Amino acid sequence: MSAPTAKSAMVTGAARGIGRAIALRLALDGFAVTVTDLPSAQDAADQVVHDIVQAGGTARCAVVDVAVLSDVEAAAAAHAEAYEGIDVMVANAGVAITAPLLETTPEQWRQTMEVNLAGVFHCYRAAARRMIDQGTGGRLIGAASVSSHRGGKWQGAYAASKFGVRGLTQSVAQELAPHGITANVYSPGVVHTPMWDSIDDAMTRRLGQPTGTAMQAMIEAIPLGRLETPTDVAGVVSFLASPDAAYITGQSIVVDGGMWFS
Ligand code: NAD
């Protein structure tokens, strides 16, 4: 049997999709969890907290726009106050722009970088500062993607942001290793969440095809023969947060049903 974790974790973008599954799983693993998301998602985030507490776990909610450093720092401080420190930061929040280069606006580019890349930077920075002060090590875990390994058509801004997340993570993994802090990313493939619904919508509208067909077409490219679920991703994050992953740092764990080999 592995040692009990009984520590705490903050998860961003946790009101729905992959972040929600991660928050539920880490709570099941024994972590006290702060469920964070945008103000517009607070009802859903409250429901995630409710579900965790109903299942016997420990959770609280916080409003965080990851693009705003002061939001992230305030949430990390409140988390550390509530749970006597912070052991795991899951920088999960992200947005997806699906557009050709010539139609990607500077505003879309900026927003993608601010949420997907600066957001992870803010989370790593706020958590690492506390983890170093605590002197107890910690885990920084970021959301990358198979698009952080291979760019794709209409994914310029998204892939650039996710390549950046991998570069940031490899760098801080080396810097923070002496403090016992590891940094890794999870790289999902095609997960059926509201994000992929919006990608499907953008793709099928461009191609003049029925809604849902772009997502269904992806199944043919997935050797395991089905779309990924948020729970598939949450299992990998659970592992990265566990004692069993103590000797893994700077890595991207691809969880995509066999589409891409890193
Ligand atoms: P989703 O759109 O279903 O959920 C994202 C959550 O992040 C939402 O609750 C949203 O409110 C929140 N969010 C958005 N902007 C935010 C901000 N500025 N600050 C705080 N929260 C914010 O997305 P998902 O599919 O669950 O994806 C989660 C992560 O996994 C993202 O980083 C995404 O890029 C990555 N990912 C997803 C897939 C996929 O197939 N769905 C594949 C690879 C990587």
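The largest pocket holds about 1,200 Å³ of space; a pocket is an open set of points on a 1 Å grid over the protein atoms alone, where a 1.4 Å probe fits, with protein on both sides within 12 Å along at least five of seven lines. Its volume is the space filled by probe spheres set on the points, which are joined across faces, edges and corners. The model is predicted: local features need pLDDT of at least 70, side-chain atom pairs count only at pLDDT 80 or more, and totals for chains, interfaces and linings use all residues. Residues are numbered from 1 along each chain as its sequence is written, and side-chain values use heavy atoms, without hydrogens and water.

- By class, 29 lining residues are nonpolar, 15 polar and 6 charged.
- Helix α6 gives the most to this lining, with 6 residues; helices are DSSP runs (H or I) of at least four residues.

**The ligand and its shell**
- The ligand takes up the space of the largest pocket; to sit there, more than half of its atoms must lie within 2 Å of the grid points.
- Around the ligand are 27 residues, of which Asp37, Asn92, Tyr158, Val191 and Thr193 are the closest; the shell requires a heavy atom within 4 Å.
- This shell has 16 nonpolar, 7 polar and 4 charged residues.
- To the shell, too, α6 gives the most, here with 3 residues.

- A ligand oxygen lies 2.6 Å from a side-chain N or O atom of Tyr158; a polar contact is a pair of N or O atoms within 3.5 Å.
- For the side chain of Lys162, the corresponding distance from a ligand oxygen to an N or O atom is 3.0 Å.
- At Gly189, a polar backbone atom is 3.3 Å from a ligand oxygen.

Notes: Polar contact = N/O pair within 3.5 Å; in protein donor to acceptor, adjacent residues only side chain to side chain. 1 Å grid on protein atoms, 1.4 Å probe; cavity = no way out; pocket = protein on both sides within 12 Å on 5 of 7 lines; lining within 4 Å. Helix = DSSP H or I, 4+ residues; strand = E, 2+ residues; numbered from the N terminus. Nonpolar A, V, L, I, M, F, W, Y, C, P; charged D, E, K, R; others polar.
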